[in-house]
Amino acid sequence: MSIMTYRQALHDTLRSEMHRDPDVFLMGEEIGLFDGAYKITEGMLDEFGEKRVRDTAIAEEGFTGAAIGAAMLGLRPVVEIMTINFSLLALDQIVNHAAKIYGMFGGQARVPLVIRTPGGGGQQLGATHSQNIELFYAFVPGMKVLAPSTPADAKAMMLAAIRDDDPVLFLENLSLYNTKGEVPDDDVPAEIGKAAITRSGSDITLIGYSRMAYVAAQVAEQLAESDGLDIEVIDLRSLRPLDRGTVVESVKKTHAAVILEDDWLTYGIGAEIAATISDGAFDYLDAPVRRVAMAEVPMPYSKPLETAALPSADDVIGAIRQTLDAVGRSRNPMENKS
Amino acid sequence: MSTRQRTAVAPPKPGTHQNANPTAVMHQTAPSDTAGAKRSTDFYRQMVFIRRFEERAARAYTQALIGGYCHLNLGEEAAVVGLMAALRPTDYLFTNYREHGYALTRGIDPNRVMAELFGRSDGVSKGWGGSMHMFDLEKRMLGGYGIVGGQIPLATGAALAIDYRGVDEIVMCTMGDGTTNIGAFHESLNIAALWNLPIVYVVINNRLGMATTVDKSSAEPELYKRASSYRMASERVDGLDPVAVFEAAQRAAAVARGGKPFLLEVMTERMRGHSVVDPGKYRSAEEIALTKERDPLVTFAAHLVETGLLTEQEIAAINDAAIAQATAAAVFAEASPFPDVSTLFDYTYATPVANDSHRLPGQPLFEPAPYPEHEAAR
């Protein structure tokens, strides 16, 4: 077990997988000489050479499609799309091709492809560089969409993604790259399609993924101290397939849920989770399911506006307290005194 | 001339267009050249079979035995057989949705091609692809793609994989003339040229998108010239002469085997509408008449008779055999069972995965909880 950043975990895992399997190679804009826009591939051009660390032209559709074609012939490309915003340029290749090729040809060709890309917000990058549009890919059968929130999961899920024979969109997050955590030394791939209960509790269930799973864990610790609440936290980890059972079993136990998401509220991932709880735990709910999501605006540049648009820990705490208050289960000392 | 009439590089006035009289420029295969003679008669046999197969498919479509879209290779037979003859069995083919002829000429069992059109379990893609999505790993035909230009980045990536492994194979990627205007064309040819990939891009130029002509859609209507943007070698060839296409495709393939991409433009005719259901009312009577006059089956047959390679009787026999084989394919396809509905969830993922949904429409996410548990929850 070592303590390292999310960035380091990704870097080390890519490196070890390239040593393990000569069919694994990297493609993307500025991943070689420049070491990657977010330095995930630092030093890898020197170590593996131009054949396996390929700086591409600015041509997301072209190089993502080329990676799909290479994967059809059995290579295992790992593509970096600089941020998820630019994946829109490759949407046709990802949605109409990567996700379809196995089924459309009756199971004759596999596409063992990984597309790594960070979502974000909070970096003052404005409307076109701050989106969280993983939903576009999670919507599509044939895709697998992974969203690790911890350095340990970044490693375990990258191992799983590279070794899987299906196209995987691997969602990273700009504000998670510098977060630290324990990472096992052994190479044990995660099981795709499984959520994780990262904190066990009985009062209410918080459900998030990527950055918001990290926020959920922080909020749970904070409210345990300040309000004496026993909060259960679920990190979805896999957005497709979606582990509905883990969510529903948790809500059956806690009878209340708040969903956290960095994407927009309407039609967002949280809407699907809320519908899942409605189908599977309707009779167990003490209160309506709440969602805490980004304000429905193109992300502004100016800091106060950006901060207001992004969901924060305080927004989550507010939603939790309101949910529990509404059914007389609040343990907020301040509320109880009144 | 109507404004809607096609205008190619030069307006196609009968007698003056470069392809107006293919027999005049057709390769003079001497009967003593036995290999060449056999190749020419083989080409003709394959061309006739594509024609009769497509006509049989069109009939099945009108009988509602084939659904969806159905785009035929009618008029492009010479281009198809000439191109396919230049490939080795170990080479890869990526093509678009007008691909029945390619599947047949690549050596896929016609019964399985027709069964795919019929949506049956014996289809080449097990009934999952249909007319636009034929695929056969063994014959290295890696699709049939329905999205215009979608195959170009994929084919480029296949060439990347060949280069990565250092094997003696190439990729051929065919597309229509309209496809040269899509971004994926530019991105892919740029990548292939930068990385010296072993691929032949082939533009099948029938001068029509659906109805939009090349000169209405391409600022440089001599499409092979686009290769110069990538310092890529290119050539334009008469697509109504299978031998000319074959020889040009061989030159292109040789360049690709040497580790450089190539752009080959093949000038063809589309004898009917864009798809089976398109009456093609946007074309003038003169243009359609010209298309018939330039029918590669007719002109190549005339050439073969003229040069003594085939007799009229042999041509009739070839035609009869093609009709019989196309009919047999339709009989086979109709007898083939539809895929079982129980296989609906078999091809979403290659690696089985937890929590993959196998629900049919209307099925609940969760079975309703048993009554006592309901009550206990309250």
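Helix α3 of chain A and helix α7 of chain B cross in a right-handed way (the near helix is turned clockwise from the far one by less than a right angle). This is a predicted model, where local features need pLDDT of at least 70 and side-chain atom pairs count only at pLDDT 80 or more, while totals for chains, interfaces and linings use all residues. Residues are numbered from 1 along each chain as its sequence is written, with chains lettered from A in the order in which they are written.

The axes of α3(A), residues 60–72, and α7(B), residues 183–194, come within 8 Å and cross at roughly 65 degrees. The two helices are therefore roughly perpendicular (65 to 115 degrees). Axes here are lines fitted to C-alpha atoms over the stretch in contact, and helices are DSSP runs of H or I with at least four residues.

Here's who touches whom, contact meaning C-beta atoms, placed from the backbone, within 7 Å:

| α3(A) | A:Glu61, A:Gly62, A:Phe63, A:Gly65, A:Ala66 |
| α7(B) | B:Gly183, B:Ala184, B:Glu187, B:Ser188, B:Ile191 |

By type, these residues split into four nonpolar, four polar and two charged; Gly counts as polar, and Asp, Glu, Lys and Arg as charged.

Zooming out, the chain contact draws 48 residues from chain A and 44 from chain B.

Technical notes. Axes fitted to C-alpha atoms, helices over the stretch in contact; angles between N-to-C directions. Parallel < 35°, antiparallel > 145°, perpendicular 65-115°, else oblique. Contact = placed C-beta atoms within 7 Å.
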